[in-house]
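Work through the exercises below with the sequence and the model open. Each task is followed by a solution in steps.

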Amino acid sequence: MLHVMGIPILNLVCYVPLAGFFIILLLDRKSVTAIKWTANLVALLDFILSIPLILSFNNPSYTDPLTNFRYIIKVPWITSLGAQYYFGIDGISLLLIMLTTLLGFIAVLSSWTAIEHRVKEYYALLLLLQTGMLGTFMALDFFLFYVFWEIMLVPMYFLIGVWGSERRLYSAIKFFLYTLAGSVLMLLGILALYFDYGRQTGVYTFNVIELQRIGFPFGLQYWVFLAFFVGFAIKVPMFPFHTWLPDAHTDAPTAGSVILAGVLLKMGTYGFVRFGLPLLPDASRYFIGIGGKSFPWMMWLCIIGIIYGALVALMQKDWKRLVAYSSVSHLGFCMLGIFAATPVAVQGGVLQMINHGLSTGALFLLVGNVYERRHTRLISEYGGLSHIMPLYATIFLIMTLSSIGMPGLNGFIGEFMILQGTFSDPTLRIWSGVAVVGIVLGAAYMLWLFQRTMFGEVTNPKNELLDDLNFREAFCYVPLIILSFWIGLYPQTFLRYLDDPVNRVVSKVRGSDYFKLSIPVADATTSPTVAPGTVVADRPAPHR
Amino acid sequence: MANYFWLIPFIPLAGTVINGLFGKRLSKKVVGLLACTSVGLACLLSLWAVLHLTHLPPNARRLTHILFTWIASGDFHVEFQFLLDPLSAVMILVVTFVGFWIHVYATGYMAHDDGYYRFFAFLNLFMFAMLTLVLAGNFLLMFVGWEGVGLCSYLLIGYYFHKKSAGDAAKKAFIVNRVGDIGFVLGILLVYVTFQTLDFTSVFNRAAGFLVEESGGGVLTVITLLLFVGAVGKSAQIPLYVWLPDAMEGPTPVSALIHAATMVTAGVYMVARCNPLFSRAPLTMEVVTWVGAATALFAATIGLVQRDIKRILAYSTVSQLGYMFVAMGVGAFTAGMFHLVTHAFFKALLFLGAGSVITAFHHQEQDITRMGGLHKYMPITARAMTIGALTLAGCPLLSGFFSKDEILWQAVAGGHLVPWIVVWLAAGCTAFYIFRLLFLTFFGEARMGAAHAEPCQESPRRMTTPLIVLALFSVGIGYIGLPPLFAKVFHLPNVFEHFLEPVWQGPPRAPSAPVTVACFGQSVGNGEGFITLLSILMALAGFLTAWLFYLKQKDWPELLSHRLSGLYHMLLNKYKIDEIYDTVIINPINTISYWFLWQFFDVGVIDGIVNRTGQIMRGAGRLLKNIQSGYTRSYAAWILFGVVAILVYCMR
C-alpha cells in the first residue's frame with residue numbers, strides 16, 4: 001500500500017479537503033484573504049497528492065491481484081452490520097478522481113472574486129463537498145458508498161441555496177428532494193441485495209466485490225435494477241428525471257455549476273458502471289435489450305435524452321440553462337455507451353464522462369466570467385464579445401469545439417468510441433445510427449450560441465467596456481485546454497487505464513464467453529503489408 | 001527520405017501557430033511572408049515527394065507512415081497514419097500549388113484588414129486540415145481533416161463576423177455539412193464492422209473479396225451510399241448544396257481556395273479514394289451519377305440569372321462539382337479527378353479575378369449589373385477572367401474543354417444517355433452564365449453609379465501575378481491528360497491517366513464496345529468526335545446567346561424576363577429551396593422544441609408532476625397536522641375512535 005507521511009494515499013487524498021474544511025472553520029470569518037488562500041492551497045495540495053495515484057498505478061505492489069483494485073484500505077467498521085471501511089480504485093475511478101481533484105481546485109480558484117458574502121462558509125462547504133465526491137469514487141463498500149453519496153448532497157444544497165441566483169431556494173430544494181428520493185430507492189436496492197446475499201450465503205456484507213461473486217435471482221435483479229435506475233438516473237440525469245438539472249445549474253454559483261456538471265453528474269454514470277451493470281447483469285441485459293429479446297427501455301431513454309436535450313437546448317434564452325440542457329444530451333451519450341456494454345462503448349462512455357467534465361466545466365466557468373461582469377445570463381444581452389474580449393472568445397471557441405466533438409479535441413474520441421462500440425453489437429446498431437443525429441443538433445445549438453454571443457456588432461453599450469480575462473481567470477482554462485487536446489490527439493494515455501476494468505464489467509454483463517467469440521476477418525487477397533489495424537491479435541484478455 | 005512526406009501538413013500548421021500566437025505583434029509584412037512561405041515550402045516538399053514517388057515502379061507507389069497509435073480500445077484499433085499514393089499526390093500538388101498563389105493574392109486582397117494575422121492563421125490552418133484530409137491513411141484520420149476543413153470554412157466564412165449574414169452563413173455551412181457527416185460517420189462505423197479495420201489499404205484489399213453487388217442492397221452498397229451522403233454535404237450537391245452560395249460571405253481568397261479549388265472537392269476525392277468500394281456497388285454509382293447530373297444542371301440554371309458576381313461563381317462551382325460526380329458515377333474516376341484538377345485552376349482564377357474586381361470597387365459592389373466596361377481599367381484582370389471564362393465554358397484546346405469533354409464522352413460510352421443529355425444542357429447554361437458575367441463586368445458601357453465615379457484601377461502586382469500564373473495553368477494543364485482523340489492528334493500520352501492507374505482497384509471491367517454514331521443509316525465515324533462536336537456546339541450556343549443578350553440586343557434579357565416572368569423569378573429566387581427548408585425542417589423543429597418539448601413537456605408535464613407531488617405532500621401535511629392539535633380532549637377523542645376501530649376490526 002502506498003503511504004505518504006504514513007497515511008494511506010487514498011485516505012490522504014480523500015480527507016485533505018476535510019482537514020481544510022476544519023481549518024477554515026477555525027479561521028476568523030473576517031480574514032477573508034486567509035480563508036481564500038487556505039482553500040486554494042488545500043485544493044491545490046489535494047490535486048498534487050492525487051498525482052502519485054496515476055504515477056504508481058501499475059506498480060504491482062499496490063495492486064490486489066484478486067480484484068485488480070489498487071491502494072486498497074480495508075478495515076472492519078460496523079462489524080455487526082458487516083459494513084467495512086473499504087477503499088480502493090481501478091482505472092475508472094482513477095480517472096474520475098483525477099478529474100475531481102483538478103476541477104475541485106479550479107472551482108475554488110475561480111471563486112476568488114465571485115463570492116463576496118459568507119466567504120468562510122462557502123469555501124468550507126466546497127472543501128467538504130470535495131471529500132464527499134472523492135469518497136464516493138473510492139468506496140468499495142455499499143454502506144460506505146452510501147454515506148459519502150449523502151455527504152455530497154448537503155454542501156451542494158447550501159451552495160445553491162445560499163450563494164445562488166434568483167430562484168436559488170426553489171432550485172436548491174428541488175435538487176435536494178429529487179436526489180434524496182432517488183437515493184432512498186437506491187438504499188432499498190442496496191438492502192435488498194444485502195439481505196439476499198445473506199440468505200444465500202449466511203454472511204451479511206456490504207462489500208461490493210463480494211456481492212458480485214454470486215448471482216442474484218432475476219426477479220430480485222429486476223426490482224433492484226429499477227431502484228438503482230431511479231437513484232442513478234436522477235443523478236445523471238436521464239430523461240425523464242432531468243428537470244432538476246436546468247434549475248440547479250442555472251441558479252448555482254459558478255463553482256457549484258462546475259462541480260455539479262463536472263463531477264456530481266458522473267456519480268450516476270459511475271453508479272451504473274460500478275454497481276448497476278456488474279451486480280445486476282441479467283436485469284441489465286433485459287432492460288437494455290441486449291440480444292434483442294426484450295424491449296430496449298434504456299436505449300430509448302438514452303436516445304430521447306440525446307435528442308430531447310439538444311432540441312430543448314436549442315431554444316434556450318438563458319446562456320447557463322442552454323449549457324445545462326446540453327449536459328442532458330451529452331450524458332445521454334455517456335449512458336448509451338455504458339449500456340451498450342461492449343468494451344469500446346463502455347470505454348468511450350467513461351472517457352466521455354471525463355470529456356464532459358472538462359468541456360462543460362469550462363463552459364460553465366466561461367458563463368461565470370461574463371456573469372460576474374454583467375450579472376445577466378440572457379444570451380440576448382450579449383453579442384459581439386469577440387471584439388471586446390478576444391482571449392475569452394478564443395477559449396470559448398475551443399471549448400465549444402470540444403463540446404461538439406471536433407476531431408483533434410477530446411469530445412470526438414469519446415463520441416466516436418461510443419458510436420463505434422454501440423454499432424458493433426448488431427442488436428443495438430440502430431441506436432448508434434439514431435444517436436449520430438445528436439451530433440448535428442449539438443453543433444447547431446452550440447454554434448448558434450457562439451454566434452449570438454461572440455459574433456456580430458456590439459449592440460449592447462453595457463458590453464463595450466468589459467475587460468478581457470485576467471491572469472487568474474485565464475489560468476483556470478489552461479489545464480482544461482491542454483487536457484482537451486491531449487485526449488483528442490493521444491487518448492491512449494487515458495484509455496490504457498480503462499481496458500481492464502471495463503473488460504471486467506463487460507464480461508459480467510455479457511458473460512466471459514464474449515471475449516472468445518472474436519472472428520478474425522482475413523484479407524481477401526493475401527496482402528503482403530500486414531496492416532497495423534489487424535486487430536484480433538491486440539484484443540486484451542478479459543482478466544489479466 | 002521520402003518517408004518525410006507526412007511533414008507536409010505540419011509546415012502550414014507551424015505557420016498557424018506562429019501567426020496565431022504572435023501575429024498580433026508582428027507587422028503585416030512578416031505575417032504575410034510567414035503564411036506564404038509555409039505554404040510555399042509545403043508545395044516544394046510535395047513536389048519533391050511526388051517526384052520521388054514517380055521514380056518508384058507504378059505498383060510500389062504507395063508510401064505509408066504511421067506516426068503513433070491513435071485509439072486502441074478493446075477490439076478497436078486505429079493509427080495516426082499517412083498515405084502517399086498517386087491519388088493523394090495529385091491532390092497535394094493541386095492544394096499546395098493553388099493554395100500558395102491564393103495566399104500570395106490574399107496578402108494584397110486583405111492588405112487593409114485589421115484581422116490580418118487572424119486571417120492568415122486560419123488560412124494556414126485550413127491548409128493543414130486539407131493536407132491531412134488528402135494524406136490520411138485511414139478513414140478516421142480523413143474524417144479529422146474533413147471536420148478540420150469544415151471548421152476552417154466556418155471560421156473563414158464568418159471572418160467578417162460583425163456582419164450578421166456572415167455569422168449566419170458560417171453556421172449554416174457547418175451544420176449542413178454536419179448533416180452530411182451523419183452519413184460519413186455511419187459509413188465509417190459500417191466499414192469497421194465489415195472489414196475490422198479503417199486502414200485504406202487493408203479495407204480495399206479486403207473489399208477485393210466482395211462480389212459486385214449487381215442487385216444492390218449489399219453491405220458495400222449501404223457503405224458507399226452512406227459515404228456518399230458525406231460527400232454530398234462537403235461537395236455541395238443536391239440536396240445539401242444550400243450552404244455554398246451563402247459561403248460567399250467570406251473573403252474572396254477564401255472562396256477561391258476553400259469553396260472552389262480545394263475543400264469542396266473533398267467529396268469527389270473521397271469517392272475516388274474509395275473507388276474499390278464504389279465500383280462494386282452499381283446501385284450507388286447510379287445514384288452518384290444522377291445526383292451529379294441533376295446538380296450540374298440545377299445549379300447552372302440558377303446561375304443564369306444571379307447578379308452577385310461571387311454567387312454566380314458559387315453556383316458554377318456547385319454545377320462543376322456535379323460534373324465530377326457524374327464522372328465518378330459512370331466509373332470514369334480518372335476523368336473526374338482530371339476535371340477536379342483543371343477546375344481547381346480555372347475556378348480559382350475566376351474567383352481571384354472576381355476578387356480583383358471587388359477590390360477595384362473597394363469592397364462595396366458585387367452586382368454585375370452595376371459594373372461594365374472594366375476591361376479598360378483592369379486589363380490584366382479582364383484578360384485573365386476571359387481565359388477563365390473560356391476554360392470553364394469549354395473552349396476547345398483549353399484545359400476545361402479536355403476534362404469536360406472526357407466526362408461527357410465517358411458518360412455516353414458507359415451508356416448513360418439521359419445523364420449525358422442533362423450535363424450537356426448544363427454545358428450550354430455554363431457558357432451562357434459565365435459569358436454573361438464576363439460581358440456585364442468587363443465589356444459594354446460602364447453602369448457604375450455615382451458612388452463609384454472614380455475610375456476603377458487595376459489591382460497591385462501581388463494580386464495580378466497569381467492571376468497570370470493561374471491563367472497559364474488553366475490553359476496548359478489540360479495537356480497532361482488529353483482524351484484519346486486528342487492524344488492521337490497531339491502525339492501526347494495521357495500521363496495523368498497512367499499515373500493514377502494503380503489507384504483504381506475496382507473489379508475488372510469488360511472494355512466497353514466502341515460507340516459509333518449512325519446518322520441516317522450511315523456511320524459518321526468515331527463517337528467520341530461526334531460527342532465532342534456536340535459539346536462544342538452547345539458551348540458555342542451558350543456563348544452566342546450571351547453575346548446577343550448582353551452586347552448586341554441589350555433589351556432582350558429585359559423582355560425575356562417579362563415574357564417568362566414565372567420562370568425568371570423561380571430562378572432568381574433559387575427555386576426557393578432555402579425557404580422550403582425553413583418551412584419544412586427548421587421552423588417545425590424550432591416550434592416543436594420550444595412549445596411542445598420545452599414549454600409543454602418539460603415545464604408542463606414533468607415539472608408539473610414534480611411540483612404537484614410536492615403540493616400534494618404539503619396538502620396532506622396540512623390536513624394531518626390538525627390531528628396534533630395539542631388539545632387533550634381532541635387526543636382523547638382520537639383514542640376513543642381508535643379503540644372503537646380496533647374493536648370493530650377484531651369482532652368482525
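This is a predicted model: local features need pLDDT of at least 70, side-chain atom pairs count only at pLDDT 80 or more; totals for chains, interfaces and linings use all residues.

**Exercise 1. Describe two helix pairs.**
Give the angle and axis distance for helix 16 with helix 19 of chain A, and for helix 8 with helix 11 of chain A.

Solution. 
Step 1. Two packed helices are described by the angle between their axes and the distance between the axes. Axes are lines fitted to C-alpha atoms, for helices over the stretch in contact, and angles run from 0 to 180 degrees between N-to-C directions.
Step 2. Helix 16 (residues 390-403) and helix 19 (residues 471-489) of chain A cross at roughly 35°, and their axes come within 11 Å. The crossing of helix 16 of chain A past helix 19 of chain A is left-handed; that term applies if the near helix is turned anticlockwise from the far one by less than a right angle, and right-handed applies if clockwise.
Step 3. From helix 16 of chain A, the contact takes in A:Leu391, A:Ile395, A:Ile398, A:Met399 and A:Ser402; helix 19 of chain A supplies A:Ala474, A:Tyr477, A:Leu480, A:Ile481, A:Ser484 and A:Phe485. By class, the residues of this contact are nine nonpolar, two polar and no charged (Ala, Val, Leu, Ile, Met, Phe, Trp, Tyr, Cys and Pro count as nonpolar, Asp, Glu, Lys and Arg as charged, and the others, Gly among them, as polar).
Step 4. For helix 8 (residues 218-235) and helix 11 (residues 281-288) of chain A, the angle is about 65° and the axes are 8 Å apart. Helix 8 of chain A passes helix 11 of chain A in a right-handed crossing.
Step 5. Among the residues making this contact are A:Phe218 and A:Tyr222 of helix 8 of chain A, and A:Asp282 and A:Phe287 of helix 11 of chain A. The residues of the contact of helix 8 with helix 11 of chain A divide into eight nonpolar, two polar and one charged.

**Exercise 2. Judge burial.**
Is A:Thr269 buried or exposed, and what does its side chain meet?

Solution. 
Step 1. A:Thr269 sits in helix 10 (residues 254-279) of chain A.
Step 2. Because its relative accessibility is 0%, A:Thr269 counts as buried (buried means under 20% relative accessible area, exposed over 50%, partly exposed in between; 1.4 Å probe, protein chains only).
Step 3. A polar atom of the A:Thr269 side chain lies 2.9 Å from the backbone oxygen of A:Lys266.
Step 4. Not counting residues up to four places away in sequence, A:Thr269 touches A:Val236, A:Leu331, A:Cys334, A:Met335, A:Ile338 and A:Met353.
Step 5. For comparison, take A:Val505 in helix 21 (residues 499-510) of chain A. A:Val505 is at 6% relative accessibility and so counts as buried. The C-alpha atoms of A:Val505 and A:Ile338 are separated by 9.7 Å.

**Exercise 3. Check the backbone.**
Which peptide bond between A:Val236 and A:Pro237 is found, cis or trans, and what is phi of B:His362?

Solution. 
Step 1. Most residues other than glycine have a negative phi, and most peptide bonds are trans.
Step 2. The bond from A:Val236 to A:Pro237 is cis, with omega near -10°. A:Pro237 lies in the loop between helix 8 and helix 9 (244-251) of chain A.
Step 3. In chain B, a cis peptide bond joins B:Ile238 and B:Pro239, with omega about 5°.
Step 4. B:His362 has a positive phi, near 55°, and lies in the loop between helix 15 (333-360) and helix 16 (379-393) of chain B.

Methods:
Residues are numbered from 1 along each chain as its sequence is written. Chains are lettered from A and ligands numbered from 1 in the order in which they are written. Side-chain values use heavy atoms; hydrogens and water are left out. Helices (H or I, at least four residues) and strands (E, at least two) are DSSP runs, numbered from the N terminus. Contact means heavy atoms within 4.5 Å. A polar contact is a pair of N or O atoms within 3.5 Å; within protein, one must be able to donate a hydrogen and the other to accept it, and residues adjacent in sequence count only if both atoms are side-chain atoms.
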